[in-house]
Amino acid sequence: MSTPLEPTGGIDTLENAIELKDVEGLSQGQIVRRRFFRHRGALVGLLTLVAVSVLAYSSIGAFGIPGWWKFDYRTPADVVNGGAPTMSLPTWLGGSGLAIGDHPFGQDEIGRDIFARTMKGTQTSINVMVIISVLAAFIGMTVGAIAGFYRGWVDQALMRFTDLFITFPVIVIGAVLGNLAGSAGAFWLAVALGCITWTTLARLVRGEFLTLREREFVDAAKVAGASSFRIIRKHMIPNAMGVIIVNTTLLAAVAVLLETALSYLGFGIQTPDVSLGTMISEYQSAFATRPWLFWWPGLFIILIALSVNFIGDGLRDAFDPRQKRIPSGRKMARAAALADAGADYAASRDENRDER
Amino acid sequence: MVVFFVKRLLTSLLVVLVSTLIMYVLVDLSIDPLLDLRTSTAPNKAQQIANRTAELRLDDPVISRYLSWLKGASGCVYGNCDLGENWLTHQQVTSLLGGAVLTTIQLVGAATFLAILLGVMVGVVSALRQYTGFDYSITFLSFLLYSLPVFWVAVLAKVFLAIRFNDFLADPHISVGAMALISGVVGLIVSAALAGTAVKRLRNFAVAAVVVALLLIYAEVTQWFADPSIGIALIALTSVGWAFVVTILSTGLRNRRALYSALSVAALGIALWLPLLYFWIYAEDAGILGWPLVIALFVIALAVSAGIGFAWGGPDRTRSARTAALTAIPVSATLFVDRLMQSWGSYNSNIAIKDRPIATLGSSTPNLEGDFWIQTIDTFAHLALPTATLILISFASYTRYSRASMLEVMNQDYIRTARSKGLTERTVVMRHAFRNALLPLASIVPIDIITLLGGAVLTETVFGWFGMGRLFVVSLGNNQQDPVMAYIVIVGILAVAANFVADLIYAVLDPRIRVAA
């Protein structure tokens with residue numbers, strides 16, 4: 001974001017003209033929002049994530065509020081038809097007519113409803129994901145901001161401290177901490193994992209701060225007598241927000257996979273709590289006889305992680321002005337009329353860039 | 001520069017030292033060696049607890065236990081290793097480690113190598129075809145791979161890749177539908193990757209699909225999968241093919257000397273096929289057959305090929321030499337695989353295998369009798385699935401990184417300069433862009449190796465490999481401090497070493513770093 005591209009004439013000027021026409025008279029927030037909603041993958045990801053969350057929280061209820069689904073995830077019942085799923089596809093898709101039935105995802109060997117269990121596991125994963133990302137974003141932002149702003153020995157000390165966490169695979173430290181915190185419940189597991197996953201963000205925020213602190217508006221704030229805390233909070237963090245938001249989102253996807261992997265290994269969520277990872281670990285030996293026990297938790301992990309990844313990709317595109325969309329041929333032709341004005345646009349664009 | 005590296009090494013070592021201390025305390029907090037005794041109903045429960053507390057010195061402060069552990073561990077520097085013992089079986093940790101370290105390095109090494117090779121290739125092609133269907137598909141694929149839970153995929157791989165594939169090998173019949181599907185998919189991928197006008201795409205699609213379909217029909221008619229082999233005809237064909245491919249990529253076909261040197265290397269490989277088979281028998285009788293011999297032969301092959309290229313002479317003989325040496329890699333690999341495949345039949349019908357070649361558990365078949373070739377096939381058959389699942393993790397990141405870095409390089413001014421002075425697209429891409437695009441990858445590899453070590457924890461557990469990751473998981477589950485610490489130290493040192501090597505490579509490749517240091 002800090003290196004303005006030189007307008008090189010020709011196609012570039014044309015593209016700039018189009019881009020400028022798109023963003024004329026809009027605030028930074030509006031531009032980002034527009035770019036985000038134009039990213040088809042991100043939009044689909046967002047809708048999927050919302051749909052999955054609504055399904056998971058409303059079906060079996062959460063936080064003491066009962067849901068609309070009739071089975072509980074803990075209560076064993078009679079195993080119907082070997083526990084096979086009752087959901088079937090419409091006939092034109094090769095199923096036996098559209099139906100949901102009593103146990104759409106099937107039952108396990110003691111008759112617990114797999115739909116209810118998967119939904120409970122999804123809730124756990126989403127809860128853990130949110131806590132980890134919020135905590136990691138906060139710690140990473142703080143450490144990175146302090147290191148980047150004060151530099152010198154503070155920076156050295158904090159970065160060596162960060163190195164301590166990067167030496168080992170996250171899953172190894174996670175397993176040790178998870179073994180400690182997992183039995184205390186999903187919340188504490190998430191807190192423990194949040195305390196070790198902030199490192200990437202801290203490094204990126206530090207890098208961003210190192211360039212930001214050389215900018216004129218920081219000098220201006222200093223001259224005006226603002227305290228360091230105020231400069232960091234009011235002037236620098238808003239400017240580094242793009243990096244923070246994007247990487248927190250990408251971290252969230254990693255967090256889902258980390259939690260489920262730890263639960264799978266037995267160092268994460270402990271029974272009787274349900275996680276998508278514990279379900280896979282519990283049911284993997286039954287794959288030959290009851291494959292549905294195994295399919296659903298995995299599919300929901302992928303759904304969550306994939307949609308979060310796409311949202312992160314959309315956010316990155318939206319925040320990063322270097323990543324331009326290629327205009328379609330028709331747009332290019334229309335913009336050719338503006339080609340003469342292109343140089344002016346490019347010049348004013350560079351000014352805009354500096355102001356940000 | 002030397003000062004820079006010494007400083008770097010010392011800080012790294014300090015980081016490892018401090019992190020072992022922190023991890024020692026954390027592991028101590030995390031595990032409870034008395035867990036089974038607390039719920040025990042034995043009459044002498046108090047006595048047992050007292051005994052174990054004394055044995056593991058649980059009443060001592062954790063720091064003093066750490067110091068005595070450190071004292072034992074630091075003995076490793078001068079060959080007097082004491083990493084403690086597994087208190088359940090009273091085995092020394094050092095004796096547990098030997099095989100485990102080797103197993104994990106084998107697994108992670110194979111996965112890293114293949115992931116870099118495939119990931120960089122796909123990433124670069126994806127960058128050159130930016131914003132095409134191929135590029136979008138690869139982007140989507142890499143997102144999907146990022147989002148896959150490894151342990152879930154590993155179980156699926158066991159069922160679909162191993163068990164079903166073994167069923168297929170027992171009765172290898174390819175249906176017409178499957179043939180059409182496979183050739184169609186391959187055709188689509190090839191035509192998308194090569195891009196071009198609609199006519200060109202159609203032609204590429206047709207050529208690739210027909211070639212694949214013919215190969216499949218050949219395999220079906222000759223029952224190739226029942227007894228796979230390469231044979232001299234196929235070796236000749238692939239060697240000459242490789243000679244052309246390598247020349248196209250490295251110097252272009254217009255450099256006749258380079259092409260001739262590559263072809264002479266291929267010819268030499270073909271000529272050596274029969275003598276080599278006798279040589280292997282001789283080597284086995286002499287008892288020198290093994291990986292050291294294979295590697296030595298490979299190095300000799302490289303040197304001889306470089307010599308051939310050099311002997312072709314011309315104004316730029318080094319380029320011919322390089323092309324020839326590069327050609328030697330696939331040609332010798334083909335010869336090696338051919339020899340392996342000749343043992344396939346006897347491996348398959350081995351009493352320990354029973355026609356189920358692709359293994360789902362362990363790193364080698366227990367009680368397998370056989371010569372070097374049988375053992376090597378066995379290793380490969382066991383490596384296949386865990387490596388494939390491990391690759392999935394890092395393939396995605398290598399694709400993303402090499403794509404991004406290639407895109408950045410392709411927009412540089414010197415690429416435009418290269419184009420404007422009339423260089424061919426091949427020269428621009430391979431010489432000016434590709435080499436520079438590889439630079440930033442050097443800093444990705446160590447991070448990726450750490451990620452892979454983490455991934456190995458999962459794959460080793462699913463596939464029942466007794467590697468370090470499994471050792472870690474089992475020991476942590478059994479509340480054993482010493483083996484867990486051994487794992488942590490080794491991973492820490494591996495990570496530091498990987499980082500250090502990457503720095504070194506980076507400094508060698510990029511002169512700007514040297515100036516800065």
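**View 1. Asp413(B) is an exposed residue, with a relative accessible area of 51%.** Here, exposed means over 50% relative accessible area, buried means under 20%, and partly exposed lies in between (1.4 Å probe, protein chains only). The side chain of Asp413(B) meets that of Arg416(B) in a salt bridge, 2.9 Å from N to O. A salt bridge is a side-chain nitrogen of Lys or Arg within 4 Å of a carboxyl oxygen of Asp or Glu. Both residues belong to helix 16 (residues 413-420) of chain B, where they sit three residues apart, about one turn of the helix. Helices (H or I, at least four residues) are DSSP runs, numbered from the N terminus.

A word on what you are looking at: this is a predicted model, in which local features need pLDDT of at least 70 and side-chain atom pairs count only at pLDDT 80 or more, while totals for chains, interfaces and linings use all residues. Residues are numbered from 1 along each chain as its sequence is written, chains are lettered from A and ligands numbered from 1 in the order in which they are written, and side-chain values use heavy atoms, with hydrogens and water left out.

**View 2. In chain A, Asp313(A) and Arg316(A) form a salt bridge.** Their side chains meet at 3.5 Å, N to O. You can find both in helix 12 (residues 292-319) of chain A, three residues apart, about one turn of the helix. Asp313(A) counts as buried at 10% relative accessibility, whereas Arg316(A), at 29%, counts as partly exposed.

**View 3. A salt bridge joins Glu282(A) to Arg112(A).** The N to O distance is 3.3 Å. This pair links distant parts of the chain, 170 residues apart: Glu282(A) is in helix 11 (residues 276-283) of chain A, and Arg112(A) is in the loop between helix 3 (40-60) and helix 4 (114-150). Glu282(A) is partly exposed, with a relative accessible area of 31%, while Arg112(A) is buried, at 14%. Look for Arg117(A) too: a network of salt bridges links Arg112(A), Arg117(A) and Glu282(A). Over all chains, the count comes to 13 salt bridges.

**View 4. Helix 18 (residues 441-463) of chain B has a kink centred on Gly455(B).** The kink is about 25°, where the bend at a residue is the angle between axes fitted to the seven residues ending there and the seven starting there. Of the 23 residues of helix 18 of chain B, 17 are buried, so this helix is largely enclosed by the rest of the structure. Just after helix 18 of chain B comes Gly464(B), which takes a positive phi of about 65°.

Technical notes: Helices (H or I, at least four residues) and strands (E, at least two) are DSSP runs, numbered from the N terminus.
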